[in-house]
Amino acid sequence: MENLASRTAQTRARLIKSATKVFATAGLTGATTREIARVAAVNEVTLFRHFQNKEQLLAAVITEAIALQAQALVHHEEWTQNLYIDLKNYARLCNQMIEEHEDLIRTFIGEAKRHPQAARLILYETDKSRREQLVVYLQKSQEKGTVSLDINLKASVDSFTGMLLHGMLRFSDIPTTLDYSRECYMETCVNLFVRGISTLPLKEAGGSVDVPATR
């Protein structure tokens, strides 16, 4: 009985992994249960034993992505209370999430108008917990007087995340035309953001004034 449950769980996981790949390459409309079953190396009947339709598979893919992000947060380093260091760690976590789900993110960005609900879930819900955690952190920094009171924290966090997302995707599109590294880009984003929200000079907030531009 235990072996059966294990095999069932393994097949389900393989189907979700295959669906993630097919959705990312074929798009939400172009992906078919037949192709997902083929990639998973099972027949379509087996797929339907686990998922009634493509929509259920899509929901499972989104749920899996959200779960992986929540797991990453559990192991995320504790806040150091150094604004620059903490935001740099946050930026690295963003980059990790983008690299792990880049193809899927690009698919949902491209199909956002045709599938707004699915796009909202994959583009917003997957890192909702991480953004909320940063908002709480910045609220506490405002109470300590190290972050300006006259800014909207949710809008600020979204703009910071958007800046990171845009830049990281550019590295995949045109990596040879950029004369700076991913690390340099992240540090520059963090420096700009810290300069904009902190009540302290950048050095006192923990940041670096000179950012290396080498690849």
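## The overall pattern

What pattern does the protein chain follow when you read along the sequence? In this predicted model, the answer is α-α-α-α-α-α-α-α-α-α.

The protein chain has 215 residues, and 43% of them count as buried. Its accessible surface comes to about 12,000 Å², with 54% of that belonging to carbon and sulfur atoms.

The largest nonpolar core has 31 residues, and the ones touching the most other members are L83, L87, L134, L138 and F160. Helices that each supply at least two residues of this core include α5 (83-100), α8 (128-144), α9 (153-173) and α10. There's also a second, separate core of 21 residues, with I36, A40, V42 and F51 among them.

Let's zoom in on L87. If you skip its neighbours within four places in sequence, L87 is in contact with L134, F160, V190, F193, V194 and I197.

## A look at S198

S198 sits in the segment after α10 (182-197). Is S198 buried or exposed? Its relative accessible area is 9%, and buried means under 20%, so S198 counts as buried.

The side chain of S198 has a polar atom 3.4 Å from the backbone oxygen of T146.

Conventions. Residues are numbered from 1 along each chain as its sequence is written. This is a predicted model: local features need pLDDT of at least 70, side-chain atom pairs count only at pLDDT 80 or more; totals for chains, interfaces and linings use all residues. Side-chain values use heavy atoms; hydrogens and water are left out. Helices (H or I, at least four residues) and strands (E, at least two) are DSSP runs, numbered from the N terminus. Buried means under 20% relative accessible area, exposed over 50%, partly exposed in between (1.4 Å probe, protein chains only). A polar contact is a pair of N or O atoms within 3.5 Å; within protein, one must be able to donate a hydrogen and the other to accept it, and residues adjacent in sequence count only if both atoms are side-chain atoms. Accessible areas come from the Shrake-Rupley method with a 1.4 Å probe; for residues, only the protein chains shown count as cover. A nonpolar core is a set of buried Ala, Val, Leu, Ile, Met, Phe, Trp, Tyr and Cys residues joined through side-chain atoms within 4.5 Å. Contact means heavy atoms within 4.5 Å.
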